[in-house]
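The following briefing accompanies a protein model. It is arranged by topic for reading beside the structure.

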Amino acid sequence: MKTKEIFSWLKFIKKVKIGLLLILLMLCYLLVNLIFSAGYYSLCEFNEEMTFFDCFYFSNVTSFSLGYGDFVPVNVFGKVLVILHMIITSLLFALLIAVLTVKIFHPDDTIVFSKNIFFDKKNQKIGFRLLNIHSVPLINPEIRVHYSEHCVGNVMAKVTILKVQEQLIGFFGRHDHICNVDVNDDFLTDLEDAILFDNDKLNKVKSRFRVAVAISGQNGIQEIVQIKRYYAKDFKEGKSFKQIQYNEEDRKSRINYSKFGNFEDDFENIIE
C-alpha cells in the first residue's frame, strides 16, 4: 500500500464520528460471519442437523475461539473452513484494535488554520490565523514555520526557517490568534516568481514553492501536532487579518461560534 493511501485511511478514521465508526466495524464483523455461515450451511457436514441460524451461531462462536463443542464439523472441508475462519477473524480483530487505537489516541484535528495567508511587502512579513476549537486549551504550544522550493531543472532544493514574531505563551485557548512571520527580500522574490509562474496558463504544472506551518503542544494528556501547507495560490497581499470581536460571555464559557453569524468570513478576511 502506498504512503498516500495509508494517510488517506488515517484521515478517514480521524474524521469519522466514533459512533459511526463502531457501526461500520460491527457491520464488517457481521458480514464476515454471514459469509462463513453460508459456507458452513451449504458445503459442510456437522455432527447434527443444522439450520442457517445454527450455522450463524457456530460462526460467531468460532470467530471468538470459544469452542463450546455443541456443533462440530465432521468432514475435512469443514475443518479447513473453520481454520480459515479463525485466521481471518483473528486478523480482523487485530485490525479493529488498530482502528480504535488510532481513533482514541489520535483525535480529530483541533486547530483550524486560515485558508489564506497574507504577505506585506512593505513591512516584510507574512501571516496566518489559528483557532483552537477544542474545549481544552493547547498547553505549551510551539509554532514552527519554514518555506521550501523543490528541485526544478538545475536549481537545487532549499529549505529556509522563518522567524515567528510572537510565539504563543503558556496555552492556546478557544480564541483565534494571528501569527506574524518575518521574511526577507529573497522570500518575497521567490513568492512573486511562484505566483507569476502559477498564473501563466502556458505552464501545465504548478510551482514548487510552499510554506509549512507546524503547531505542537499538549491537549489534556495527549501530544498534539498539526501541519498546514500554504502554496503560492494561497497568498493574498494585505497588512493583516480582520480582528474578531469577542464579548464578555465568551471569556467565561465555551464559545458558540454560530452566534457570530459571519464568523467564517471574518476569520478569512484580510485587510488590504
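With which residue does Arg144 form a salt bridge? The partner is Glu142, the closest N and O atoms being 3.2 Å apart; a salt bridge here is a side-chain nitrogen of Lys or Arg within 4 Å of a carboxyl oxygen of Asp or Glu. The model is predicted, so local features need pLDDT of at least 70 and side-chain atom pairs count only at pLDDT 80 or more, while totals for chains, interfaces and linings use all residues. Residues are numbered from 1 along each chain as its sequence is written, and side-chain values use heavy atoms, with hydrogens and water left out.

**Overall make-up**

- The protein has seven helices and 12 strands; helices (H or I, at least four residues) and strands (E, at least two) are DSSP runs, numbered from the N terminus.
- Of its 272 residues, 39% count as buried, where buried means under 20% relative accessible area, exposed over 50%, and partly exposed in between (1.4 Å probe, protein chains only).
- Its accessible surface comes to about 17400 Å², and 60% of this belongs to carbon and sulfur atoms; the areas come from the Shrake-Rupley method with a 1.4 Å probe, and for residues only the protein chains shown count as cover.
- Among contacts (heavy atoms within 4.5 Å) between residues at least 6 apart in sequence, 67% join residues at least 24 apart.

**Salt bridges**

- A search of the whole structure finds six salt bridges.
- Arg144 counts as partly exposed at 46% relative accessibility, and Glu142 counts as partly exposed at 36%.
- Salt bridges that share partners join Lys121, Glu192 and Glu237 into one network.
- Lys121 lies in the loop between strand 2 (117-120) and strand 3 (125-132) and Glu192 in helix 5 (residues 185-199), so the pair ties together parts that are 71 residues apart in sequence.
- Arg129 forms a salt bridge with Asp176, with the closest N and O atoms 2.8 Å apart. This pair links distant parts of the chain, as Arg129 is in strand 3 and Asp176 in strand 7 (residues 176-182), 47 residues apart. Both Arg129 and Asp176 are buried.

**Nonpolar cores and surface patch**

- The largest nonpolar core has 30 residues, of which Phe128, Ile143, Phe187 and Phe235 touch the most other members. A nonpolar core is a set of buried Ala, Val, Leu, Ile, Met, Phe, Trp, Tyr and Cys residues joined through side-chain atoms within 4.5 Å.
- Leu20, Ile23, Leu24, Leu27 and Leu30 make a nonpolar surface patch of about 420 Å². Leu27 is found in helix 2 (residues 18-43).
- Such patches are made of residues with over 30% relative accessible area and no salt bridge; like charges are joined within 9 Å, nonpolar side chains (Val, Leu, Ile, Met, Phe, Trp, Tyr) within 5 Å.

- The 12 residues of helix 3 (residues 52-63) should span 16 Å at 1.5 Å a residue, which agrees with end C-alpha atoms 16 Å apart; the expected span is 1.5 Å times one less than the number of residues.
- Ser65, whose phi is positive, near 55°, follows helix 3.
- Val82 is in helix 4 (residues 76-105) and counts as buried at 12% relative accessibility.
- Val82 touches Tyr40, Phe58, Thr62 and Pro73, not counting residues up to four places away in sequence.
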